[in-house]
Structures are given as C-alpha cells and as structure tokens.
Amino acid sequence: MTRSFLHAVDFLSRAVAILAGLLLVASMVVICQMIFMRYVFRAPTIWQTDFVVFTATAAIFLGAPYVLLTRGHVGVDVIEIMAAKPVQRVLGIVGAVLGLLFAVAMTVASSIFFHEAYVNEWRTSTVAAITLWIPLLPLPVSFALLTLQYLAELVRRISGTDGFGAHP
C-alpha cells in the first residue's frame with residue numbers, strides 16, 4: 001500500500017513536470033511570435049504577454065513537486081551534514097513536516113482564491129480580459145501535488161528509506 005502510494009505520487013510529479021516543461025516551451029514560442037509580430041509586421045500584440053506570464057508562472061508552480069522529488073532545490077545543509085545520523089533523520093522529518101504544513105496552507109489559500117475568481121467571474125485588467133480562474137487553476141493543483149509529494153517525503157523519512165531513492 002505504502003509502496004503504491006509512493007509510486008503513484010512520484011509518477012504524478014514526473015507527469016506534471018513534463019507538462020511544466022511543455023508550458024515553458026509554449027511560452028518561449030509565443031515570445032518569439034510576439035517579437036516577430038511586433039518588430040517585423042509592426043502589429044500590436046494583445047494576448048501574448050498574458051499568455052507568457054501565466055504559462056511561465058504555471059510551469060514554475062507545477063514543476064515544484066518534481067523539484068522536491070529529485071531534491072533539485074537549493075539548500076544549505078552544512079549543519080545537517082555535520083550532525084550525527086539520528087539528528088540528520090530528525091532534521092529531515094522536521095523539515096518535511098514544515099514543508100507539508102506550508103503546502104497544505106497554500107493549497108487551501110489558493111483554492112479559496114481560485115474559487116472566488118471562478119464564482120465572481122474575475123477577469124484580467126488587460127485588453128485581452130482573460131477569465132482569471134483559468135490561469136489560477138495551476139495554483140491549487142500544484143500545491144495539492146506538492147502536498148502529496150511532501151507526504152511521500154515524510155513517509156520515506158519516517159520509514160528510514162533514503163529520500164534520494166525517488167530519483168528517476
């Protein structure tokens with residue numbers, strides 16, 4: 001059961017990381033198109049800036065669970081490395097619990113924000129007037145996935161299996 005949970009969460013994090021990468025590629029393509037339209041044809045760009053900002057931001061948040069999975073984040077672990085193994089384990093568990101609490105709080109907060117944007121039909125203040133719930137959707141999704149990945153991290157830490165075993 002635990003092993004299935006860990007594999008499912010790791011699979012989800014990897015799948016969403018691929019989506020995040022595709023969003024970054026789409027963002028870069030639209031930037032090139034925007035530059036081309038603006039400077040070659042002297043044509044105005046209306047939706048491109050919003051698209052780039054929202055897709056790049058979504059990519060960052062959606063990539064967060066994968067970064068946790070692969071321990072790709074920047075960390076200062078001098079104290080942890082110098083500590084004895086039992087202390088390292090406790091520090092890892094405390095860090096995972098704090099990360100989990102943060103991810104849960106952000107899941108709740110971003111879900112409320114998303115719901116308000118959806119119910120009140122909020123739109124961007126730009127010319128494109130994009131319905132705001134669409135670009136806000138990645139926030140609660142990514143924080144929910146980050147919550148799951150922190151749960152998986154906590155399970156690994158408590159069970160004593162090396163968190164690095166989750167590498168692709």
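Helix α2 (residues 48-70) packs with α6 at an angle of about 5 degrees, and their axes lie 9 Å apart. That angle makes α2 roughly parallel to α6 (angles under 35 degrees count as roughly parallel, over 145 as roughly antiparallel, 65 to 115 as roughly perpendicular and the rest as oblique). Axes are lines fitted to C-alpha atoms, for helices over the stretch in contact, and angles run from 0 to 180 degrees between N-to-C directions. Helices (H or I, at least four residues) and strands (E, at least two) are DSSP runs, numbered from the N terminus. The model is a predicted one, in which local features need pLDDT of at least 70 and side-chain atom pairs count only at pLDDT 80 or more, while totals for chains, interfaces and linings use all residues. Residues are numbered from 1 along each chain as its sequence is written, and side-chain values use heavy atoms, with hydrogens and water left out.

On the α2 side, Ala58, Phe61, Leu62, Ala64, Pro65, Leu68 and Leu69 meet residues of α6 that include Pro138, Leu139, Phe143 and Tyr150; contact means heavy atoms within 4.5 Å. By class, the contact of α2 with α6 has 14 nonpolar, 2 polar and no charged residues. Here Ala, Val, Leu, Ile, Met, Phe, Trp, Tyr, Cys and Pro count as nonpolar, Asp, Glu, Lys and Arg as charged, and the others, Gly among them, as polar.

The axes of helix α1 (residues 2-39) and helix α6 (residues 138-159) come within 10 Å and cross at roughly 140 degrees. The two helices are therefore oblique to each other, and α1 passes α6 in a left-handed crossing. A crossing is left-handed if the near helix is turned anticlockwise from the far one by less than a right angle, and right-handed if clockwise. Among the α1 residues that meet α6 are Phe5, Leu6, Val9 and Asp10, and their counterparts in α6 include Leu148, Ala152 and Arg156. This contact of α1 with α6 has 10 nonpolar, 3 polar and 2 charged residues.

Helices α4 and α6 pack at an angle of about 160 degrees, with their axes 8 Å apart, which makes α4 roughly antiparallel to α6. By class, the contact of α4 with α6 has 18 nonpolar, 8 polar and 3 charged residues. The crossing of α4 and α6 is left-handed.

The structure holds 8 aromatic pairs. Rings of Phe, Tyr and Trp (its six-membered ring) pair if their centres lie within 6.5 Å; planes under 30 degrees apart count as stacked, over 60 as edge-to-face and the rest as tilted. Tyr118 and Trp133 form an edge-to-face pair, at 5.3 Å centre to centre and 80 degrees between the planes. Tyr118 lies in helix α4 (residues 85-119) and Trp133 in helix α5 (residues 133-136), so the pair ties together parts that are 15 residues apart in sequence. Tyr118 is partly exposed, with a relative accessible area of 47%, and Trp133 is also partly exposed, at 28% relative accessibility. Buried means under 20% relative accessible area, exposed over 50%, and partly exposed in between (1.4 Å probe, protein chains only). Phe61, Phe102 and Phe143 form one aromatic cluster.

Most residues other than glycine have a negative phi. Arg42, in the loop between α1 and α2, has a positive phi near 55 degrees and counts as exposed at 66% relative accessibility. Phi of Arg71 is positive and near 55 degrees; Arg71 is found in the loop between α2 and α3 (78-82).
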